[in-house]
Amino acid sequence: MQHPIIAPSILSADFANIQRDVEMINLTQADWFHVDIMDGVFVPNISFGFPVIKAIKQFAKKPLDVHLMIVNPERYIKDFKDAGADLLSVHYEASTHLHRTIQAIKAEGMKAGVAINPHTNVSLLKNILCDIDLVCMMSVNPGFGGQKFIENTYAKCSELKNMIIAQHSLCLIEIDGGVNEITAPKLLQHGADVLVAGNYVFTSKNPASTIASLKSLSTHTLTA
Ligand code: DX5
Ligand code: ZN
C-alpha cells in the first residue's frame, strides 16, 4: 500500500514559537515542510522572506517545499537555494519563460515545481510535464490559509493524472488548500500524491495524530 506525502504548511504555525513548531513537526510522520512565500503583488498578502526560511531550515529535519506566490520568481532562485529550499515551485501565471525558470531551479540543485491557480486549465502544463518534479494544484485562491476547498479540484486532479500517466512523467501532484479528513481521501482517489495541510494540522488538538491520520490514507494507482 502506498501512502501520500504529507506537507504541513508552516503558514499556520505560531511565528512567535517557530522553533517549537518546527521541532514538533520533526517528530511526526510528516514528510516535508510546506513554506509559503507571498509578495503582496501576486497575491493580496505578505508572508515572510529569507531570514525566516533560514530560521526554519536551521531546525527542520525534513525537506523544505517552498511555494513561491511572487511575481518574476526567476529573480530569486539562488537566494531561495541559499536560504534552504529543497523543492521550489513557481506559479505558471507568474513566469513568462517558465521552461527557463525550471531549468534554472534544477541548475541550482533543487527539485522544480509549477503551481497553478484554481482557474488555470491543466492542459496548459502539457509541454512542461516531463521537465518538472511536481505540480502544486491550488484548491483555494492563493494568499491565505484556512479557506474553503474548491470542489472542481477533484476533476482537475484526475485530468492531470491522466496526462502524467500518458506522458510517462514522474511528476507528483500536490494539492494545496482546504485539505482535511473529508477532502483528503477523495483527492487521493483522484490521483493526488502530496497533501499540503495548514489550518487542519495546526488548529487540531493533536497535530501529530492529525498528520498520522492523513499519512495512513492510501494513494490509488491509476492507469490510463
Ligand atoms: C495558500 C497557501 C497554502 C495554505 C494552505 O495560499 O499556498 O499552502 O497554507 O492552507 P490550508 O491548509 O489552511 O488551507
Ligand atoms: Zn502553498
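Reading a zinc site and its charged neighbours

Author: Asp-176 lies in strand β7, residues 172-176. Bear in mind that this is a predicted model.

Reader: Is Asp-176 buried or exposed, and which side chain of opposite charge is nearest?

Author: Asp-176 is buried and has no salt bridge. The nearest side chain of opposite charge is that of Lys-156, 12 Å away.

Reader: Which side chains make polar contacts with the side chain of Asp-176?

Author: One is the side chain of His-34, at 3.2 Å. The side chain of His-67 also makes a polar contact, at 3.0 Å. Leaving aside residues up to four places away in sequence, Asp-176 touches a set of residues that includes His-34, Asp-36, His-67, Cys-136 and Val-196.

Reader: Which residues coordinate the zinc ion (ligand 2)?

Author: The zinc ion (ligand 2) is held by His-34 through NE2, Asp-36 through OD, His-67 through ND1 and Asp-176 through OD, at 2.0 to 2.3 Å. Along the chain, these donors follow the spacing H-x1-D-x30-H-x108-D.

Reader: Why is the arrangement around the zinc ion (ligand 2) octahedral?

Author: The arrangement is octahedral because the six donor atoms around the zinc ion (ligand 2) subtend angles of 70 to 170°.

Reader: Are His-34 and His-67 buried or exposed?

Author: His-34 is buried, with a relative accessible area of 0%. His-67 is buried too, at 1% relative accessibility. The cut-off for buried is under 20%.

Reader: How many salt bridges are there?

Author: First, the general idea. Side chains of opposite charge can pair when their charged atoms come close. In this model the count is six salt bridges. One of them joins the side chains of Asp-31 and Lys-215, at 2.9 Å from N to O. Asp-31 is in the loop between α1 (18-26) and β2, and Lys-215 is in helix α8 (residues 207-215), so this pair ties together parts 184 residues apart in sequence. Asp-31 is partly exposed at 23% relative accessibility, whereas Lys-215 is buried at 15%.

Reader: Where do Asp-86 and Lys-57 lie?

Author: The side chains of Asp-86 and Lys-57 meet in a salt bridge of 2.9 Å, N to O. Asp-86 is in the loop between α3 (77-83) and β4 (87-91), and Lys-57 is in helix α2 (residues 50-59), 29 residues apart. Asp-86 is partly exposed, at 30% relative accessibility, and Lys-57 is also partly exposed, at 30%.

Key
Residues numbered from 1 in each chain as written. Chains lettered and ligands numbered in written order. Predicted model: local features only at pLDDT ≥ 70, side-chain atom pairs only at ≥ 80, totals over all residues. Heavy atoms only, no water. Helix = DSSP H or I, 4+ residues; strand = E, 2+ residues; numbered from the N terminus. Buried < 20%, exposed > 50% of the residue type's maximum accessible area, 1.4 Å probe, protein only. Lys, Arg positive; Asp, Glu negative; His and termini not counted. Salt bridge = Lys/Arg side-chain N within 4 Å of Asp/Glu carboxyl O. Polar contact = N/O pair within 3.5 Å; in protein donor to acceptor, adjacent residues only side chain to side chain. Contact = heavy atoms within 4.5 Å. Donors = N, O, S within 2.8 Å, 3.2 Å for Na, K, Ca; no water. Tetrahedral: all angles 85-135°; square planar, octahedral: opposite > 155°, others 65-115°.
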